[in-house]
Every structure is written in C-alpha cells, then in structure tokens.
Amino acid sequence: MATSSISYCFSVAFVFLVALDILSFHVMTASGQVANDTDQIQFALNLEFLEAEFFLHGALGKGLDDISPNLAQGGPPPAGARKANLDILVAPIIEEFAYQEVGHIRAIVQTVGGFARPLLNLSRQNFAKMFDEAVDFTLIPPFDPYANTVNYLLASYLIPYVGLTGYAGTLPNLTAPASRGLVASLLGVEAGQDAVIRTLLYERGNQIVLPYSLTVAEFTNRISELRNKLGKSGNKDEGIRVPITLGAENKTTSNVLSADMNSLSYARTPPEILRIVYGTGNESLHGGFYPQGANGKIARGPALPWLEDV
C-alpha cells in the first residue's frame, strides 16, 4: 500500500513538472541571450518601481527618494506624480500598498540585485492620454487620476494587474527554488492588491464617473480592451463586469477576479508587458509610463540600443 502511494505521488509530481515545462517559454534579453532567473526577476523591478511611486505619491505626497532613497539607486525621480484626493477608507489602503511595494523592491534587490529606477511618467497628462485611448475619444476635461478617489482607483486599475500577469508568466520559467519562492510570494501580494482595487471599483460599478457619461464598470472594460489591444496576444484582460460567456463557468457577469475559462490567472510575457506600459503596442518603442524605456537586460540589452522618441 505504501509503495503504491509513493508511486502515485511520483506520478503526480512528474505530470506537474511536465505541465510546467509545457507552459514555459524562453524569455530573451534584449541582446538575444536566453534570460536567466536573475534577468527575469529583475525585469519585474520596472513595474515595482512604477507601483511604488504611484502609490507612495498618491497616498503620502512623497516617493521612494523620501522613504527609502537607497532603493532608487540614483535613478531619476518620477515626473508628474502628486498626492491624490482620497477618502478616509481608501487612503490607508493605498498607503499600505505603497509600503508593500517598497518591501517588494527591497526583496528583489536583496535576492538578485537590481538597477536604477527608470524615469517614470506619472503625470496627469500621461494618464489623460491613456484614458482617451481607452475610451476612443477625447475626455473633456482631461482625465485627472489624482482628483478624487474614483479617478485614482481607475488609474490604479491600470497598474497592478499588469504586474500580476507578468509574475504569472515568469514563474514557470524559473529554475531555482529560491527564485520561484520569491516570485510566488510577490505574486500573492500583487494579486491581493489587484483584487482589492477591483472590489472597490465593483462596489461603484454603476456610478457615473463625473463629469463623463461612462460608468465605473464601462471604464474598466475600456481599459482592459486597450491593454488587450496593446499586448497583441488575445484576451488576457477583462473588466469588472463581463458577458455571461466570460464569467466563471459561464454563470456570472460579475468579474471581481479576472481569469480564464478555468478561472486561472492570465499570464503575460515581457514583450507583452512592455507593449502595454509603453502605450505603443511595440516593445521596442518606449513611451507611456516609461518615456526613456524600462531597465534591465530583458528590456535594454547593451547590444540593442533603443529607438529614439518619435
């Protein structure tokens, strides 16, 4: 009986490892080499810097240079970030997220090393441009992510989910147990942050986002459609309310957690992520949140200079 149980356990483990191998893919550095664990985990620093600065400034009116300047490693301060006008419920949540992101950066740097914070564009103008592209018309007045709680939550909807799908895509490609453990732990918190943001938005789903004519739910759908368009890899993003054909087991229209037909997290590759956060649909043409491009070997190899701004 014991031998049979052991054989069964080995069989299950073998199937799991084969499944991971099938799900994995080769991640390349910008210089054409296969990315190792360090390269892939360091790539995530780009998104962690983005989240940290957006949440820190939104909640506290100050950023990484004030909280833990050594983690920025001399990188330029973010452009246009400012304190948001948050209500008494959401303000401490965003502050908590902000300090969590500081911890994430520290954990990555202490484990695999890091690089200087890239230049980040967190200006109202940048968010306004992205929201105009999402709704496919010019919002008047321009969308201001810092104006109030609802706007800030919608702007936040743009960010953590991209990191979540990135970690889900990275995990199967890592080889060292320590690397997998770190990314699994980061993924858990990123998923939690995204769930909280989506829940707060779902609660306000039917609310009109003044002074515009769209509801909160409609804005999330438009943002998700934009990310799918920029990512160029099919449907990996859904708003907080969906047709029943996209709901869990085709039985719900609520979509507090975005997931595939088996309710598994979507995964994205580094090129897909860069296409989205650059806002260009092109992983080699920087812009959006990263006007000078992301950092690290995957995004910026020494053998491949980046295109100039156009």
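Predicted model: local features only at pLDDT ≥ 70, side-chain atom pairs only at ≥ 80, totals over all residues.
**Group meeting: salt bridges and helix packing**

Side chains of opposite charge can pair when their charged atoms come close. How many salt bridges does the count come to? The count comes to nine, and I will go through some of them.

Lys236 and Glu272 are joined by a salt bridge at 3.0 Å, N to O. Lys236 sits in the loop between helix H10 (216-231) and helix H11 (270-277), while Glu272 belongs to helix H11 itself, so this pair ties together parts that are 36 residues apart in sequence. Both Lys236 and Glu272 are buried.

Arg275 forms a salt bridge with Glu283, and here the closest N and O atoms are 2.8 Å apart. Arg275 counts as buried, at 16% relative accessibility, whereas Glu283, at 26%, counts as partly exposed. There is also a network of salt bridges, which links Glu53, Asp65 and Arg117.

Now to the helices. Two packed helices are described by the angle between their axes and the distance between the axes. For helix H5, residues 90-112, and helix H9, residues 177-203, that angle is about 165 degrees, and the axes are 11 Å apart. Angles over 145 degrees count as roughly antiparallel, and H5 and H9 are therefore roughly antiparallel to each other. Their crossing is left-handed. On the H5 side the contact includes Val90, Ile93 and Phe97, and on the H9 side it includes Leu182, Leu186 and Val189. The residues of this contact divide into 11 nonpolar, four polar and two charged.

The second pair is helix H3, residues 45-60, with H8; their axes come within 10 Å and cross at roughly 155 degrees, which makes H3 roughly antiparallel to H8. This crossing, too, is left-handed. Leu47, Glu48, Glu51 and Phe55 of H3 make the contact with Pro160, Val162, Gly163 and Tyr167 of H8, and these residues divide into five nonpolar, one polar and two charged.

Finally, is H8 mostly covered or mostly open? Helix H8, residues 160-170, is mostly covered, with 11 of its 11 residues buried; among them are Leu164, Ala168 and Thr170.

Conventions:
Residues numbered from 1 in each chain as written. Heavy atoms only, no water. Buried < 20%, exposed > 50% of the residue type's maximum accessible area, 1.4 Å probe, protein only. Helix = DSSP H or I, 4+ residues; strand = E, 2+ residues; numbered from the N terminus. Axes fitted to C-alpha atoms, helices over the stretch in contact; angles between N-to-C directions. Parallel < 35°, antiparallel > 145°, perpendicular 65-115°, else oblique. Left-handed = near helix turned anticlockwise from the far one by under 90°. Contact = heavy atoms within 4.5 Å. Nonpolar A, V, L, I, M, F, W, Y, C, P; charged D, E, K, R; others polar. Salt bridge = Lys/Arg side-chain N within 4 Å of Asp/Glu carboxyl O.
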